[in-house]
Amino acid sequence: MALLSVRNLHARVGDKDILKGIDLEVGAGEVHAIMGPNGSGKSTLASVLAGRDAYEVTQGEVLLDGKPLLELAPEARAAEGVFLAFQYPVEIPGVGNLHFLRTALNAQRRVKGLEELDAMDFLQMAKEKSKLVQLDAAFMNRSVNEGFSGGEKKRNEIFQMAVLEPRLAILDETDSGLDIDALRTVAGGVNGLRSPQRSMVVITHYQRLLDYIVPDKVHVMAGGRIIRSGGRELALELEEKGYGWLGLQDGKAAATKGGEARR
Amino acid sequence: MTPGVTRYVDVASRFQARDATTPAWLQRVRQEGLEHFARLGLPTTRDEAWKYTNLSPIADGAFVPSATAGSTAELSAVVARLALPGPRLVFVDGRLSPELSSVAGLPRGLTLKPLRDALVEDGALLEAELGQRALAAEQAFTALNAALLEDGAVLRLAPGALSEVPVQLLFLTRGDAPVLASPRILVVAGEGSEATLVETYASATGVSGQGFTNAVTEVTLGDNASLKHYRLQSEGDAAVHVGGLHVLQGRDSRFVSHNFAFGGVLARNEVSVTFAGEGGDATLNGLYVGRGTQHLDQRTALDHAVPRCTSRELYKGVLDDRARGTFHGLVKVRQDAQRTDSRQQNRNLLLSEHAQADTRPQLEILADDVKCAHGAVVGRLDAQALFYLRSRGIPRAEAERLLTYAFARELVDAVPEGPVRASVEGLLAPKLPGAPRTEVTA
């Protein structure tokens, strides 16, 4: 059975339909890439899976390991093992990175009936995990993402993923805005977290990321639907021919935009 | 006179008639206070300075001064919880409690005296200093305080005196009766002296405490003197509190005010600072945290009367339920006050639909070569930050508490680490439970 099943998922924001029937099955331990031009609904899919309340699901269902996900609050989804690496990680002045992460981990452990970790044990574990993305100890003591560079924010996301050990990680454009060194570090962190028990959905605009995180399957989204699925070769073909190759109306715009520095 | 004013006039007249042996100068101070109060009456919302604040809990209350501190032995546990290490005077229901007070360890060059002793022993000094910074002729509550002048404290710093330990004035109300406490505090800091003064106001009965505290503090800082002043007000949620802190700063002097307002169904706090000498530096920090139907009113006034002075002001409010917070910050830069550098910020966080914040920065700038900035914000918890925390597994209520404390902590962190910070954290904890337990740092 698939770990994640998305069936005929429709969602909108306000009166604007954004997801128009998504079907997606991700097996345990698999890494799926979702590609597509801007405005295709990729990030909306990530947000809906994580439970952001700006979106209204109008049809369809999502199952995690056979259990309905959409009726759960975001924190309950996290406790079930869902993790979203944010495209734009939020800066939270006044909340220490370590305190935040220990609070999160212990909240999840409470739900699972596990004993909470004390500050010492947590610190040891966090230090170990931070090596994975070469996150300096100084960052752990600062406020969450406050004053972090783009690359530091993305590494912090992967660090959090390493600590929280989700079953399903959704990476929303984790590569956007990173130079190649930062991309390698982040991708190395993600690869270090691949395991037969952990599935990943990697959302990206650029094929480049998939040189470093090699997916089992590639899906192309456009206009709120998955219009093409295939193996890794689909990504390479897209890279070569551009989104226009699939007959996408906004493919040209997307290709142009892809060349710009994005914030 | 309205019935409320008449009641307070009667109370003060009876108080003044009680003791015929009072020195003539003190009789005069009290009597003038009474006359000013009778003339001014209680402010109403038609008064500009009281626009947002309905004083009916004061006008309608039957508050009377306590004759004595009474037996205070049973309060020793409460005092132990609120006391800081170092010298302190403790007052119960507005009256000095010698048995709970201790001035042991008072550093050299500092004189700390109960006001009632100083009124007898240091008549000349008090006659000259009392009422110089806080003007009974202009403010009804200062006048009422003067009319009932008896208890409080006098802190004097000899020139060059340095104190590392904070001096604490602890004002406890039993909270079980409508007592009117009218403490007056006088601080005179000689040239180049440095000290820390902590005023703590609390109800022995905790959050259910009632009573009316009307406190006035007058501070005169000599040239190059430095005072850190803390005001920790966490009286009961049924209490009424009016506090005035009036400061005159000499040349090159430094003044820091940390003003924490957590208690009271109605609490008004006023801080006014006048720069009388060039090169003065004032920092006014404030945090007000209200819930239920609390009304917390802050007013600050900075008078840049001379050139080259610096003022920094940060006030934050956290308001839940039906609480209302108000901030009115006046910065006056007079024509001669060139090279003034002034910044004022007021930020308010509303935690419920029915909470309310009014913020009113007011700048009057008559000089042209100045740097002045101000900002005022009323907002809610950041939805993005809330989702971010929840997406990591932190339940909504816990995430809200974390973010609320994060908003307030800037003002807690502004207090240097040590017993005063710990005291602030202790008083804040029941109001804002999102404070982090001590985190081991990497």
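Biologist: How much area do domain 1 of chain B and domain 2 of chain B bury between them?

Modeller: This is a predicted model, and every value that follows is computed from it. The domain assignment of chain B gives domain 1 as 3-277 and domain 2 as 383-442, and the contact draws on twelve residues from domain 1 of chain B and eleven residues from domain 2 of chain B. Of the area buried between these two domains, 81% is on carbon and sulfur atoms, and the total is about 1100 Å².

Biologist: Which residue forms a salt bridge with B:Asp237?

Modeller: In general, side chains of opposite charge can pair when their charged atoms come close. The count between domain 1 of chain B and domain 2 of chain B is one salt bridge. For B:Asp237, the closest N and O atoms are 3.6 Å apart, which is within the 4 Å cut-off for a salt bridge, and the partner is B:Lys431.

Biologist: Which strand gives the largest share of the side of domain 1 of chain B that touches domain 2 of chain B?

Modeller: Between the two domains there is one residue pair in polar contact, with both residues at pLDDT 80 or more. Two strands of chain B, β10 (226-234) and β12 (254-261), each supply at least two residues of the side of domain 1 of chain B that touches domain 2 of chain B. The residues of that side divide into nine nonpolar, two polar and one charged. The largest share, three residues, comes from β10(B).

Biologist: Turning to the two chains, how large is the area buried between chain A and chain B?

Modeller: Here 39 residues of chain A are in contact with 25 residues of chain B. Carbon and sulfur atoms give 62% of the area buried between chain A and chain B, which comes to about 2700 Å².

Biologist: Which residue of chain A forms a salt bridge with B:Arg390?

Modeller: The count between chain A and chain B is three salt bridges, and the interface also has twelve residue pairs in polar contact, both residues being at pLDDT 80 or more. In the salt bridge of B:Arg390, the closest N and O atoms are 2.7 Å apart, and the partner is A:Glu75.

Biologist: Which element gives the largest share of the side of chain A that touches chain B?

Modeller: Several elements of chain A each supply at least two residues of this side, including α2 (74-79), α3 (97-111) and α6 (150-164). The residues of the side divide into 25 nonpolar, eight polar and six charged. The largest share, nine residues, comes from α3(A).

Biologist: Which strands stand at the edges of the open sheet of ten strands in chain B?

Modeller: Strands of a sheet pair through backbone hydrogen bonds, either parallel or antiparallel. The sheet has the order β2-β1-β5-β8-β10-β12-β14-β16-β18-β20 (chain B), with mixed pairing. Inside that order, five bridges join β1 (residues 88-92) of chain B to β5 (residues 167-173) of chain B, and these two run parallel. Each edge strand has a single partner strand, so one side of it is left without a neighbour in the sheet, and the edge strands are β2 (95-96) and β20 (371-379) of chain B.

Biologist: How far apart in sequence are the parts that A:Arg7 and A:Glu61 tie together?

Modeller: Chain A has an open sheet of four strands in the order β2-β1-β4-β5, with antiparallel pairing. A:Arg7 forms a salt bridge with A:Glu61, the closest N and O atoms being 3.4 Å apart. Because A:Arg7 lies in strand β1 (residues 4-13) of chain A and A:Glu61 in strand β4 of chain A, the pair ties together parts whose separation in sequence is 54 residues.

Biologist: With which residue does the side chain of B:His36 make a polar contact?

Modeller: B:His36 lies in helix α2 (residues 24-40) of chain B. Not counting residues up to four places away in sequence, B:His36 touches B:Ala136, B:Ala137 and B:Ala143. The polar contact is made between side chains at 2.8 Å, and the partner of B:His36 is B:Arg39.

Technical notes: Residues numbered from 1 in each chain as written. Chains lettered and ligands numbered in written order. Predicted model: local features only at pLDDT ≥ 70, side-chain atom pairs only at ≥ 80, totals over all residues. Heavy atoms only, no water. Domains from an automatic or database assignment. Contact = heavy atoms within 4.5 Å. Buried area = accessible area lost by both parts, 1.4 Å probe. Salt bridge = Lys/Arg side-chain N within 4 Å of Asp/Glu carboxyl O. Polar contact = N/O pair within 3.5 Å; in protein donor to acceptor, adjacent residues only side chain to side chain. Nonpolar A, V, L, I, M, F, W, Y, C, P; charged D, E, K, R; others polar. Pairing = 2+ DSSP bridges.
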